[in-house]
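Visitor: Could you walk me through how to read a few features here, one at a time?
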Amino acid sequence: MCGIAAVFNTTGPAVPLNLESIAHRGPDGRGEWISPDGRIWFGHTRLAIQDLSATGAQPMLDDETGNVIIFNGEIYNHLKLREEMKGAGVTWKGTSDTETMLAAFRLWGDGFTDRLRGMFAFVIYDKARNRLFASRSSAGIKPFYFGRFGSSLRFGSEARLVMGDLPRRCSRSGLSSFLQWGACPENDFIFSGVSMIPAGSNVSVDAEGAITTARYWPAPRYRHISADAAPLQVRKLLEHSVEEHLLSDVPVACFLSGGIDSSIVAAIASRALRNGKLRTFSVGFPDQEFDETSVAAEVAMRYGTDHQRIEVGDDEAIVLVKEAVEKMDSPSVDAINTYIVSRKVAQQGIKVALSGLGADELFGGYPSFRDAGLLRLIAAIPKPIRSRLAAIGRFGARLADIPAGDVTAMAIWRRRLWSDEMLREAGLDATPLNVELPPELPDSFAKISWAELTVYMRQMLLRDSDQMSMATSLELRVPFLNRELMEYVLCLPAREKTRHSGVKGLLVQACRDLLPRSVYNRQKMGFTLPMDRWMRGPLKEFSDEGIRSMESVGLINPSAISSLRAKFSDGKIHWTRIWLLVVLGHYLKRVGAGAGFEATQQTLAA
């Protein structure tokens, strides 16, 4: 796991980016490379996980072809790929997956990305074709930013790196999108000119800077899936994935919250680990309302893990909340809990940890799966009547915006924080969110899964997991997002995923023997923070500072901000509706954003 940076100048020498800004992503090493003509610069900061020696350092050169790679991520099947390359005359210098990728590109060309299983974002200088070749893995686990600024094309692991010292003024559509979703959509960042390489896509940049994008995942062939013995197949795929995710030259630990997902990962990992005990960690609070570590301890005892409960008191938590906001590369209404857990675990000397992220999206753990029928009925009510329902409480204010008919759009609507009316009061227009569907999905359940995977998970949870864990130099791995497992579960008919009782019934049935009853016979809780209470108490001054910063840049009507503050004070809106202004205000002040909006919108050539 690392930080990567690349610059390609189509008309002159490339100006290197500031690697110090991503030093936290790779404290174990740093490297740079410049092409013979000076127009391409690569930079890399290393968190050494596989092949800890100098043979794993980057940027890495292929002596046979002259190709050069910078890579962020992990390729879990790289040893298998090395077996496939036997007989091709490949000579290995070390044991890193980066070297495996260079050889695979040499042998198989652009199509080698379809063979990779893992999380990755990389750029290769293809000497023979005098171009750059970049790619991002199927689930989009690792962020991969891109920007075109004049004659300069920039790639990087973080937005701050790509923006560099360029002036920052908000995009009107980017601000609207952030307020709607609580995070920046991948193609509509808060500052224009910055976007993401699409997940599951390859990008080629020729010598003149022309860009070609080709999507390699998902593909139509994945819809022909047998549903026979679904629990057994889920278990088999999950066990294989967790075992692959243990590939490392440093110890791998596991987050253990006491919920279904992390408990399953910890149980399988503890069985598969060949050397020593699995280290597991749970973070708890003195306030029992927000603490489920007793269940985590039960799982740890069952599997004999080296378990540590880390208690965080209110005073320390407040400090960590402020730290998390300060560390954000991309503003988010969420992310705080991930930072707290990551920081506390990284302080124990851990560099790699497994997470249960992705199970809710695949197996139906969210209310969006259960409420689809009700939302269809509500959407059929005329919009003027739904608008009048705003008086019934927090949920009512958004009812007017429910999209009619399409279950995917309804699932996405569930994730909205600001309604159309709130945006109008702020002086903004609602910005539509484009979601690309795969070629075919079997039913509404799968469509909701896809919406959750590509909107909420990719644009918030995965990005937050990356920016908050890497802020502490910790690599998070997500076994539930194994490509074969995702494909299998997505393409199963809904009847197989709802055949068994309870939330995420198929997953529980597949792994019931691994879990104490206390894990699945209780209400889903998760690692939550008492943010509402803190914002009215110890975080009030910090919250006021963020909101004053928002007022100072003049992006939102002052009357709308005053109205939101009053409604929060009266308990009429959820804390997230105003916390996103707090986060954004601190973020814009920290990055030195100018007042007002950009006069013109920059666009990316593609």
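Guide: Let's start with Asp-51, which is buried, its relative accessible area being 5%. The cut-offs: buried means under 20% relative accessible area, exposed over 50% and partly exposed in between, with a 1.4 Å probe and protein chains only. Before we go on, this is a predicted model, where local features need pLDDT of at least 70 and side-chain atom pairs count only at pLDDT 80 or more, while totals for chains, interfaces and linings use all residues. Residues are numbered from 1 along each chain as its sequence is written, and side-chain values use heavy atoms, with hydrogens and water left out.

Visitor: What is the phi of Asp-51 near?
Guide: The general idea is that most residues other than glycine have a negative phi, and most peptide bonds are trans. Asp-51 has a positive value, near 50°, and is found in the loop between S3 and S4. Helices (H or I, at least four residues) and strands (E, at least two) are DSSP runs, numbered from the N terminus. Ser-473 also has a positive phi, about 60°, although it is not a glycine. Ser-473 is found in the loop between H16 and strand S17 (475-477) and is buried at a relative accessible area of 18%.

Visitor: And which residues does a cis peptide bond join?
Guide: Trp-217 and Pro-218, with omega about 0°. Pro-218 lies in the loop between strand S12 (211-215) and helix H5 (230-244). The bond from Gln-58 to Pro-59 is cis too, with omega near -5°. Pro-59 lies in the loop between strand S3 (40-46) and strand S4 (60-61).

Visitor: On to the rings. How many aromatic pairs does the structure hold?
Guide: A pair of aromatic rings is described by the distance of the centres and the angle of the planes. Rings of Phe, Tyr and Trp (its six-membered ring) pair if their centres lie within 6.5 Å; planes under 30 degrees apart count as stacked, over 60 as edge-to-face and the rest as tilted. The structure holds 17 such pairs. One of them is Phe-122 with Phe-133, a tilted pair at 6.1 Å centre to centre and 45° between the planes. Phe-122 belongs to strand S6 (residues 118-126) and Phe-133 to strand S7 (residues 131-136), so the pair ties together parts 11 residues apart in sequence. Both Phe-122 and Phe-133 are buried.

Visitor: How far apart are the ring centres of Tyr-145 and Phe-189?
Guide: They are 6.0 Å apart with planes at 70°, so this pair is edge-to-face. Tyr-145 is in strand S8 (residues 145-149) and Phe-189 in the loop between helix H4 (172-181) and strand S10 (194-196), so the pair ties together parts that are 44 residues apart in sequence. Tyr-145 counts as buried at 2% relative accessibility, and Phe-189 is buried with a relative accessible area of 3%.

Visitor: Which residues form one aromatic cluster?
Guide: Phe-105, Phe-112, Phe-120, Phe-122 and Phe-133.

Visitor: Where does the charged end of Arg-115 sit?
Guide: Over the ring of Trp-108, 3.8 Å from its centre. A charge sits over a ring if NZ of Lys or CZ of Arg is within 6 Å of the ring centre and within 35 degrees of the ring normal. Arg-536 lies over the face of Phe-568 as well, at 4.1 Å from the ring centre.

Visitor: What does the side chain of Ser-465 reach?
Guide: The backbone oxygen of Leu-461, at 2.8 Å. Ser-465 is in helix H16 (residues 444-470) and is buried, with a relative accessible area of 13%. Leaving out residues up to four places away in sequence, Ser-465 touches Thr-338, Leu-357, Met-470 and Leu-476 (contact means heavy atoms within 4.5 Å).

Visitor: And what does the side chain of Ser-262 reach?
Guide: The backbone nitrogen of Ser-257, at 3.0 Å. Ser-262 lies in helix H6 and counts as buried at 7% relative accessibility.

Visitor: Last one: where does Gly-258 lie?
Guide: In the loop between strand S13 (252-255) and helix H6 (260-272). Gly-258 is buried, with a relative accessible area of 0%. The C-alpha atoms of Gly-258 and Pro-432 are separated by 37 Å, and the two residues are 174 residues apart along the chain.

Key
A polar contact is a pair of N or O atoms within 3.5 Å; within protein, one must be able to donate a hydrogen and the other to accept it, and residues adjacent in sequence count only if both atoms are side-chain atoms.
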